[in-house]
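Subject: Structure handover and findings

Dear colleague,

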Amino acid sequence: MKRIYSALALMLLLNAAYSQTTYYVNDNSTSGDVLTSAVGNNANVGTAAAPFATLQYAVNSAAANDIIYVDAGTYTGQVTIDKGITIIGAGQTLTFITSSSQLVAPPGPFTEYALIQTTQGIGDVHISNLTATNGTLGDGHTIMIQTGGSVKNCKLVNGGQSVFFRIPDATIKNAVTENNIMEPTGIGVNCQGSGLTATIRNNTISKATSYYAGIFAGLDFGPLPQLTIQNNIINNFNGEGILAASFNGTYTLNSITGTGTNAINRNGNGGNTPIATCNWFGTSNAATIAS
């Protein structure tokens, strides 16, 4: 009996440690809403029937492991995340995050900034099902996550880097970038961290005018321990399609086309030679592919 009570007490402690609250955000209209039933107001309690009005207010109200649902509408303003949370929009064509003023860096030693950004030393952050557009071409990045987590099913427009996972120490983390449409001015996906395992798959990285690199990984703090790049479409790059270093790399089934120097480049940045088979380079001419 004593063992049973001990196990029950442990279960209650674990449940308390991983408790999760759900919050909702809506603009000042119910048009197109699929997640809430009322307009937003930061004086509300943050439920589906009484949602908050701004995403930053919801982030400030949330605790670690909470989930924030953002309904249809346009939400203007930079968002800084200081805890491990999940943000879920109503869809790429319904939930829009934009900026109207100069962005600023998050608290901490790193001075780069993004429209949606995190501080350092926090739990994993997951973002999905929304469109985020930088107000000025190249004004900061679009999403910058300084921890592990994921970015899925988003459309990301105009940022210097569409998705930037950056962990400055050797903390072991996982980062997933999946099913996104990216239109960067500089880099599509950037993953840096000597303990970071990254998976980048099923993304379309393109822009009508050229950008530097589709995927940039494993250079700032050394090669990534594991990097999977699969089923991506990388168009119109003018520098490198993939510039990456990893100890265990698999870069397969991608379409990589542009006018830059290399489609795939390790360039002496350490790590091991990746598996890089079954990619499409815009031609079936062997000599052109080799170059």
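Predicted model: local features only at pLDDT ≥ 70, side-chain atom pairs only at ≥ 80, totals over all residues.

Residues are numbered from 1 along each chain as its sequence is written, and side-chain values use heavy atoms, with hydrogens and water left out.

Salt bridges

Across the whole structure, four salt bridges were found (a side-chain nitrogen of Lys or Arg within 4 Å of a carboxyl oxygen of Asp or Glu). One of them pairs lysine 173 with aspartate 124, with 2.9 Å between the closest N and O atoms. This pair links distant parts of the chain, 49 residues apart: lysine 173 belongs to strand β14 (residues 173–178), and aspartate 124 to the loop between β7 (114–118) and β8 (125–128). Strands (E, at least two residues) and helices (H or I, at least four) are DSSP runs, numbered from the N terminus. Lysine 173 is buried, at a relative accessible area of 17%, whereas aspartate 124 is partly exposed, at 31% (buried is under 20% relative accessible area, exposed over 50%, partly exposed in between, with a 1.4 Å probe and protein chains only).

Glutamate 178 takes part in a salt bridge with lysine 152 at 3.7 Å, N to O. Here lysine 152 sits in strand β11 (residues 149–152) and glutamate 178 in strand β14, 26 residues apart. Glutamate 178 also meets arginine 201 in a salt bridge, at 2.5 Å, N to O. Because arginine 201 lies in strand β17 (residues 196–201) and glutamate 178 in β14, the pair ties together parts that are 23 residues apart in sequence. Through shared partners, Lys152, Glu178 and Arg201 are joined into one network. Glutamate 178 is buried, at 13%, while lysine 152 is partly exposed, at 29%, as is arginine 201, at 31%.

Largest pocket

The largest pocket holds about 330 Å³ of space (on a 1 Å grid over the protein atoms alone, an open set of points where a 1.4 Å probe fits, with protein on both sides within 12 Å along at least five of seven lines; lining residues have an atom within 4 Å of a point). The volume is the space filled by probe spheres set on the points. Its lining has 15 residues, and Ala263, Phe281, Thr288, Ile289 and Ser291 lie nearest the centre. At least two lining residues come from each of β23 (255–258), β24 (262–265) and α3 (286–290).

Yours sincerely
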